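Welcome! Below is a short tour for someone meeting this structure for the first time. Please keep the picture at hand as you read.

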Amino acid sequence: MTRVASLDLSGKTILYLVTEDWYFWSHRLPFARAARDAGAKVIVACRMADHRDRIIEEGFVARDIPFDRSGLNPVRDLKTFRAITRLYRQEQPDLVHHVAMKPVLYGGLAAAKTGTPAVVNAMAGLGFLFIATGWKITLLRPVVERAFGWLNNRRNTHLIVQNSDDAALFENRMHVKPARIVVIRGSGVDIDRFYPMPEPPGTPVAVCVSRMLWDKGIGELVEAARLLKQRGVDITIRLVGPTDANPASIPVATLKAWQDERVVEIAGPSSDIPGTYGSAHIAVLPSYREGLPKSLLEGAACARPVIATDVPGCREICRDGETGLRIPLKSVEPLADALQKLAENPALRRQLGKGARLAVEKDFAEGIIVAETMALYKKALGPGGYQNDT
């Protein structure tokens, strides 16, 4: 249970709008528990699937929203927007917490339409829209940017970003006022569940815990694994995570081909991430861009050195020479070099792993992140909490 000093949400209704129930469960559950423990009625609105019963057992109200998380179908998205607007009219929440692009966009519009008193928009990263190329995305991007600027400058709105790079982007490119932007670094790590573990014996294992998306750098990691194999380096590269409906999803046939080639291990999704890191030596994520990658934070909490790209989000936890090794974006040989360096140097792994754990304890522990978020709720709901237009 997370308690925040002097926070009383009795009689308040807090509504969380996310795309998928699994994402709420893995990334936003501690915030909802803290709001519930402070006395609030908590509503979770998303596309309900396997986690509905768990959400209800927590004492939350579960509401199904037909999100098409990755698609750009205007008919389906209009249906989603209408469902959100109808829900906000029915429940009349005191504060809505939107997470990720579509909930921020459609939830923000619904909140404006229904007069919701307080809005918290959380951008966990800038995702496919700001990484991908192509004529559809090129046409859509400026429209979304203008909408984000307008929505996040409304007087009852606060915008959470997870790193300073994203804060600068929203301020300079989308003209969101600095007073509206709050940097809260990630969704927190349970440092009791994810704890330092001794390395297992045997061949060093570098594990990438991620959805199987091209823009997570999985392709580059496989190429680096091929290069290490050619060099004769004794290391196993293990991919842990599900496929995804995202447009950048890697086809199942491609994953199977990699498995058949024996260049990497394809482990699939896992419900035991602490055990996943406990059976590995290195945490790696060569992503193209992140908000703040929870998988690397969890690996760091287990005292595993991290290897990541020098991009927004990743560099928050991958501090070169302190918590891990940082590599250039979309690189193969530098990635292979970093993996080889850690595979062949147990003392360096221990040194960087210790630094990684200390960084999590100091900056990213769940209690710290939840307390910062609850303080923002208190500000937003308090007298005059959302009146400052400077």
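Throughout this briefing, a residue is buried when its relative accessible area is under 20%, exposed when that area is over 50%, and partly exposed in between (1.4 Å probe, protein chains only). You are looking at a predicted model, where local features need pLDDT of at least 70, side-chain atom pairs count only at pLDDT 80 or more, and totals for chains, interfaces and linings use all residues. Residues are numbered from 1 along each chain as its sequence is written, and side-chain values use heavy atoms, with hydrogens and water left out.

**The whole chain**

- The protein chain has 16 helices and 13 strands; helices (H or I, at least four residues) and strands (E, at least two) are DSSP runs, numbered from the N terminus.
- Its radius of gyration is 21 Å, which agrees with the value near 21 Å for a compact globule of 390 residues; this radius is taken over C-alpha atoms, and the globule rule is 2.2 Å times the number of residues to the power 0.38.
- Along the principal axes, the C-alpha atoms fill a box of roughly 65 × 50 × 40 Å.
- Of the 390 residues in the protein chain, 57% are buried.
- Among contacts (heavy atoms within 4.5 Å) between residues at least 6 apart in sequence, 70% join residues at least 24 apart.

**Nonpolar cores**

- In soluble globular proteins, nonpolar side chains tend to be buried together.
- A nonpolar core here is a set of buried Ala, Val, Leu, Ile, Met, Phe, Trp, Tyr and Cys residues joined through side-chain atoms within 4.5 Å.
- The largest such core has 59 residues, and I237, W258, I307 and L339 have the most contacts inside it.
- Another core, of 34 residues, lies apart from the largest one, with A34, A35, V42 and A118 among its members.
- Not counting residues up to four places away in sequence, I237 touches A206, L221, A225, L228, V264, E265 and L339.

**Helix α15**

- Helix α15 covers residues 346–364, and its end C-alpha atoms are 25 Å apart, in agreement with the 27 Å that its 19 residues should span at 1.5 Å a residue; the expected span is 1.5 Å times one less than the number of residues.
- The buried residues of α15 include L348, L352, V360 and F364, and also R349, R357 and D363.
- Among the elements covering these buried residues are β11 (282–285), β13 (324–327), α14 (333–343) and α16 (366–381).

- Y88 sits in helix α4 (residues 74–91) and is buried, at 2% relative accessibility.
- Beyond its neighbours within four places in sequence, Y88 is in contact with residues including L15, L17, H98 and T116.
- The C-alpha atoms of Y88 and G115 are separated by 9.0 Å, although the two residues are 27 apart along the chain.
- S210 belongs to the loop between β8 (205–209) and α9 (218–231) and is buried, with a relative accessible area of 9%.
- Setting aside residues up to four places away in sequence, S210 touches K216, V240, G241, P242 and L285.

- H175 is not a glycine, yet has a positive phi of about 60°; H175 lies in the loop between α8 (164–172) and β7 (181–183).
- A303, also not a glycine, has a positive phi of about 65°, and its place is in the loop between α12 (294–301) and β12 (306–309).
- Which of the two is buried and which is exposed? H175 is exposed, with a relative accessible area of 59%, whereas A303 is buried at 17%.
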